[in-house]
Amino acid sequence: MSKLGADLAAKARRVVIVQLTVTTIVALLFLIQGAWDALSAVYGGLASVFLALLSIRGFKRANEHALNDPKRSMLILYIGAVQRFVAVVVLLAIGLGGLKLEPLAVFIGFALAQASYLMGVRDGDAKAKAMGRPD
């Protein structure tokens with residue numbers, strides 16, 4: 001595995017762990033309202049974790065092709081964006097429509113886990129720049 005690939009894997013693990021931690025905290029807070037609300041928050045958070053894993057997989061695949069075939073690398077990233085969009089719609093439809101989960105808890109669990117994903121990615125970029133390395 002290349003250094004870039006190892007760095008990406010380490011960052012991915014860190015971000016997913018942060019998302020799972022945030023999801024757990026949100027679920028515990030919703031547990032005050034009841035188990036169904038807590039479960040709904042967990043569903044929303046895990047939907048966000050699933051999207052992060054899709055992103056990570058796409059970034060790894062695009063990285064493998066970046067030097068040899070930049071066009072294919074970009075195509076992989078674009079297809080990944082479409083997949084994530086479709087996955088959000090499907091997962092929320094299943095949770096809200098099919099499972100009849102509590103909407104507010106699902107959205108808060110999803111939004112906070114997604115925010116932690118974005119902050120985790122940005123935090124790693126800021127640390128790399130502070131250390132003088134491009135990330």
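Here is a short tour of this structure, one selection at a time.

Before you click, know that this is a predicted model, where local features need pLDDT of at least 70, side-chain atom pairs count only at pLDDT 80 or more, and totals for chains, interfaces and linings use all residues. Residues are numbered from 1 along each chain as its sequence is written, and side-chain values use heavy atoms, with hydrogens and water left out.

Helices here are DSSP runs (H or I, at least four residues), strands are E runs of at least two, and numbering goes from the N terminus.

Next, select Tyr-43, Ala-47, Leu-51, Leu-54, Ala-87, Leu-91, Leu-92, Leu-101, Val-106 and Phe-110, which form the largest nonpolar core. Such a core is a set of buried Ala, Val, Leu, Ile, Met, Phe, Trp, Tyr and Cys residues joined through side-chain atoms within 4.5 Å. Buried means under 20% relative accessible area, exposed over 50%, and partly exposed in between (1.4 Å probe, protein chains only). α2 (35–65), α3 and α4 (103–130) each give two or more residues to this core, and α2 has the largest share, with 4.

Now zoom in on Phe-110. Skipping neighbours within four places in sequence, Phe-110 is in contact (heavy atoms within 4.5 Å) with Gly-44, Gly-45, Ala-47, Ser-48, Leu-51 and Val-88.

Last stop: pick Val-86, in helix α3 (residues 70–98). Val-86 counts as partly exposed because its relative accessibility is 45%.
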